[in-house]
Amino acid sequence: MSARRALITGITGQDGSYLAEFLLDQGYEVHGMVRRSSTEKFDRIEHLRNRVTLHQGDLLDQRSLVDTLRASQPDEIYNLAAMSFVAASWVQPTLTAEFSGTGVTRMLEAMREACPEARFYQASSSEMFGKVLEVPQTETTPFYPRSPYGVAKVYGHFITVNYRESYELHASSGILFNHESPRRGLEFVTRKITWHAAAIKLGLETELRLGNLDAERDWGFAGDYVRAMWLMLQQDEPSDFVVATGVSHSVRDCVEVAFGHVGLALDDHVVLDPSYLRPAEVEHLIGDASKAKRVLGWAPEVSFEQLIRMMVDADVALLARDPAARLPRGQ
Ligand code: NAP
Ligand code: G4F
C-alpha cells in the first residue's frame, strides 16, 4: 500500500515543523507549502529538507494553492499558515484578515477544486474567545475576539464550519490554546522570557522589558498539540475540538519559573514597558479539552514547568554555542 500523503501549509513555522516530524514518523509522504522569499529561511525544517517535498505557494494567491494541491494530491491538508503574532495584527489589520481569514476560504476553494475527498484541518485559536464569556472555554463558548487577529480567526473558523455543512467536506477546526516550544518565534512572550533568562544568565543582557505581567494563558507544548491535529483527521466525522491543558498561568509565573531555573530573580531584571501593552488585551484564557480527551483520546504530556525549563535549557545551549543569536530589535 502506498504511503498516505499530507500537505502542511505553514510548514516552516513552529507547529508545521513538529507536525512534519510527527507525520514522517507515522509513515506519511509529507508535502509542505512555502512562500517565496529573497532569503530562504527554513531553519525549523532544515533537518527534514530531504524527507519532505516543498511547493511554492501563498495564501494570497489562489492559483498557487490549486497548483500545490494538484501537485501533492494530499489525503490530509493541515492549514497552519497564518500571520500568527497578535500584536502585529493591529499594525497590519487588513493583511492579517487576508492571510488568517480570507486565506482559509482560498484554501477550502482550492480543495473543492483539486481534492474534495481530502480531509482538512484548520488552525483555529483560543484568541477567538478573547474577552471570555465563560470559564473554562469549550467548543460551545461564544467568541468575543479582542484583536484583528482574533477576528480573522473567527472568520476562518466559521468558514471551515460553513464549508463542512455546505459541501460535506471533511473539515475540522482545532481551537488550540497557546502552545510553545524551543522553536517558538522570539517575539512571543514565553520565548522572549526564556531567551532573556538565558542571555542574562550568560552575561549577554541585563534586563527584560515586558508589558502586561498579569495576563493569564493556558500554555502547553507544541509537540503534544500537533498530535491532536492529526487525531482530528483520523475521525470518521469532522468536528471542532478545544485543545488545552486546563491549567492557566500568568506571564509573571512564566518569568518566575524561567528565571528561577537559572537562579535569577524577577525583581532584579524585569522592566515594565508600556510599549508592549496592547490596544485591547485578552486577560485570561483557560480551556476545557474534555471533548478531545473523550473523542480523540488526547491528553497533554508536558507540564507548564517542564515546558518553560525545556525552553530555557534550549536557549542556554543556543546562546552558549552562538552568542550572536540575538533577538530582533523591538521584540
Ligand atoms: P508560526 O510559527 O508563526 O508559523 C506561521 C507559518 O505560516 C509560517 O510557516 C509562515 O511562513 C506561514 N505563512 C504566513 N503567511 C503566509 C502566507 N501568506 N502564505 C503562506 N504561508 C504563510 O505559527 P505557529 O505557532 O506554528 O502556528 C501555526 C498556526 O496555528 C497559525 O495559523 C496560528 O495562527 C495558529 N495557532 C497557533 C497557536 C500557538 O499558540 N502557537 C495557538 C492557536 C492557533 P514564513 O516562514 O514564510 O513566515
Ligand atoms: O505570547 P503572546 O504574544 O501570545 P498571544 O497573544 O496569547 O497569542 C498566541 O496564542 C494564541 C492562542 O491564544 C495564538 F492564536 C496566537 O497565534 C499566538 O500564538 O502573548 C501572551 C500574553 C499577552 O497577554 C501579552 O499582552 O503575554 C502578554 N505580554 C506581556 N508582555 C507580552 C509581552 N507578549 C509579548 N509578545 N511580548 C511582551 O513583551
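Please keep in mind throughout that the model is predicted.

Let me begin with the domains. The domain assignment divides the protein chain into domain 1, which covers 5-179 + 221-243, and domain 2, which covers 185-218 + 247-285 + 302-321. If you take the centres of domain 1 and domain 2 over their C-alpha atoms, you find that 27 Å separate them. To the contact, domain 1 brings 19 residues and domain 2 brings 15 residues.

What, then, lies between domain 1 and domain 2? About 1500 Å² of area is buried there, and carbon and sulfur atoms give 61% of this area. The number of salt bridges between domain 1 and domain 2 is zero, while the number of residue pairs in polar contact between the two domains is two, both at pLDDT 80 or more.

Now let us turn to ligand 1, which has 24 residues around it, the closest being Thr12, Asp15, Arg35, Ser84 and Tyr149. Which atom of Leu59 lies 3.1 Å from a nitrogen atom of ligand 1? For Leu59 that is a backbone N or O atom, whereas Tyr149 uses an N or O atom of its side chain, 2.6 Å from an oxygen atom of ligand 1. Lys153 also has a polar side-chain atom placed 2.9 Å from an oxygen atom of ligand 1. Taken alone, ligand 1 exposes 900 Å², and of that the protein buries 87%.

Finally, we come to ligand 2, which is surrounded by 25 residues, with Ser125, Ser126, Tyr149, Arg278 and Glu281 as the closest. In the side chain of Glu281, an N or O atom sits 2.6 Å from an oxygen atom of ligand 2. Arg184 has a polar side-chain atom 2.8 Å from an oxygen atom of ligand 2, and for Lys192 the distance from a polar side-chain atom to an oxygen atom of ligand 2 is 2.8 Å. How much of ligand 2 does the protein bury? Taken alone, ligand 2 exposes 720 Å², of which the protein buries 96%.

Note on methods:
Residues are numbered from 1 along each chain as its sequence is written. Chains are lettered from A and ligands numbered from 1 in the order in which they are written. This is a predicted model: local features need pLDDT of at least 70, side-chain atom pairs count only at pLDDT 80 or more; totals for chains, interfaces and linings use all residues. Side-chain values use heavy atoms; hydrogens and water are left out. Domain bounds come from an automatic or database domain assignment. Contact means heavy atoms within 4.5 Å. Buried area is the accessible area (1.4 Å probe) that two parts lose on being put together, summed over both. A salt bridge is a side-chain nitrogen of Lys or Arg within 4 Å of a carboxyl oxygen of Asp or Glu. A polar contact is a pair of N or O atoms within 3.5 Å; within protein, one must be able to donate a hydrogen and the other to accept it, and residues adjacent in sequence count only if both atoms are side-chain atoms. A residue is near a molecule or strand if one of its heavy atoms lies within 4 Å of it. Accessible areas come from the Shrake-Rupley method with a 1.4 Å probe; for residues, only the protein chains shown count as cover.
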